[in-house]
Amino acid sequence: MTNQSTNSTGQVHHLRRMTIIWVVLSVVGDVLFSIFVAPHVPPGRLSETAANNQNTFNVLMEMAIPVLLGVWVYLSYSLIVWGDKRNASAAFSGAAARTNKTAQVSWIVITSVTILFLAAYGSFAVITEHGSGGGEGPNPAWAPAGALKAETAALVGKATWSPGSKNVLPVQVIGQQWKFTYRYPTFGGFESPQLIVPADTTIAFNVTSLDVIHSFWAYQLDVKADANPGVNDVAFTETKNPGNFIVRCSELCGIWHGSMYNSGKVESQADFENWATTTEAANAANTALLPAFAWTYTPDANGADGGYYNDTNDPYSTVETYGSKQPS
Ligand SMILES: [Cu+2]
């Protein structure tokens, strides 16, 4: 009881001191984090979605650092100021925070505001123009300007892209056990084991599968979309500067799932156009044997199985000429 009366004036003083220590440490912590750590936080800044993701991680960390320090400051302050040094085994006899209105109200208000802010921030980050780089299904709720037009045109071989055109570039990602291949409808629909995309361009990844469920994960581009058979899962991103990225399958898809990865490249617009037109010409004979460009393929029905299935009893074997000529 005597403690209570002396503390009733002292509490405000302690709270103020703790708050000052906490604010100073938090500012120092956040500044150090933003200088030394934030620029290196994955997945980097190779694309607009990657940069957004890095920003989101950094915002979360800059909110979390003061929370962590708040706990540490309160704990350390209590131990140092209120620890009974004469009798180490005695219970701590600090000011009661339990009935302190200021402490209680600020705790509830601060945590509520923090959580609500992060919820609003997270929702906004997902709804921004290019979304969060996640697969948004066949009919994305939020698509970049011009995306729908490019996608429609791609299906009939009418989509165009050239350096400086600012057009959306549709790229198809085809997953199958156990590799990814890529078709470029804007360049005659050729198929490549290499994923190369131009810098400063909005890419519409159209992700599908020929067999089981895979997941296309272009890590440094911060694009991740499930590859489901019979489904065209669309994910957008806007590339920034040239650079390399890794593609991994991120859905357990069978025994060689772990080796289902390759590397991709963001190249300058001129280099990309050069690669695409050269490959289109070099692959022309093979491209003619591929199933017509479509958003999804049905193995064993439109020849998208690479001849993997037994053709003998296959009613569709005449069209099953994916990748190589059918023996007659
Ligand atoms: Cu897979």
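These notebook entries record what I looked up in the predicted model of one chain.

**Entry 1. Ground rules.** I number residues from 1 along each chain as its sequence is written. Because the model is predicted, I note that local features need pLDDT of at least 70 and side-chain atom pairs count only at pLDDT 80 or more, while totals for chains, interfaces and linings use all residues.

**Entry 2. The chain as a whole.** I find six helices and ten strands in the chain. Helices (H or I, at least four residues) and strands (E, at least two) are DSSP runs, numbered from the N terminus. Of the 328 residues, 29% are buried. I call a residue buried if 20 or more other C-beta atoms lie within 10 Å of its own, exposed if 12 or fewer, and partly exposed in between, with C-beta atoms placed from the backbone. Two residues are in contact if their C-beta atoms lie within 7 Å. Among contacts between residues at least 6 apart in sequence, 64% join residues at least 24 apart.

**Entry 3. Helix 2 and helix 3.** I looked up how helix 2 (residues 48-82) and helix 3 (residues 101-127) pack: the angle is about 180 degrees and the axes are 11 Å apart. The axes are lines fitted to C-alpha atoms, for helices over the stretch in contact, and angles run from 0 to 180 degrees between N-to-C directions. The two helices are therefore roughly antiparallel, a term for angles over 145 degrees. Asn-52, Thr-56, Val-59 and Met-63 of helix 2 meet Thr-114, Leu-118, Tyr-121 and Ala-125 of helix 3. I sort the residues of this contact into five nonpolar, three polar and no charged. Here Ala, Val, Leu, Ile, Met, Phe, Trp, Tyr, Cys and Pro count as nonpolar, Asp, Glu, Lys and Arg as charged, and the others, Gly among them, as polar.

**Entry 4. Helix 4.** Which residues of helix 4 (residues 147-155) are buried? I find Ala-147, Ala-150, Glu-151 and Ala-154. They lie on the same side of helix 4, because they cover an arc of only 100 degrees around the axis; the arc is that of the directions from the helix axis to the C-beta atoms. An α-helix has 3.6 residues a turn, so residues three or four places apart point the same way. The buried residues pack against strand 1 (169-176), strand 5 (202-209) and strand 8 (233-238). Ala-153 is also found in helix 4, but counts as partly exposed, with 17 C-beta neighbours inside 10 Å. Just after helix 4, Gly-157 takes a positive phi of about 70 degrees.

**Entry 5. The largest nonpolar core.** The largest nonpolar core has 42 residues, and Val-171, Val-173, Ala-204, Phe-205 and Phe-216 touch the most other members. Such a core is a set of buried Ala, Val, Leu, Ile, Met, Phe, Trp, Tyr and Cys residues joined through C-beta atoms within 7 Å. Leaving aside neighbours within four places in sequence, Phe-216 is in contact with residues including Val-173, Phe-180, Phe-205 and Val-247.

**Entry 6. Backbone details in loops.** I note a cis peptide bond from Gln-177 to Trp-178, with omega near 0 degrees; Trp-178 lies in the loop between strand 1 and strand 2 (179-184). Asp-222 has a positive phi near 55 degrees although it is not glycine. This residue sits in the loop between strand 6 (214-218) and strand 7 (223-227). Is Asp-222 buried or exposed? Asp-222 is buried, with 27 other C-beta atoms within 10 Å.

Conventions: Parallel < 35°, antiparallel > 145°, perpendicular 65-115°, else oblique.
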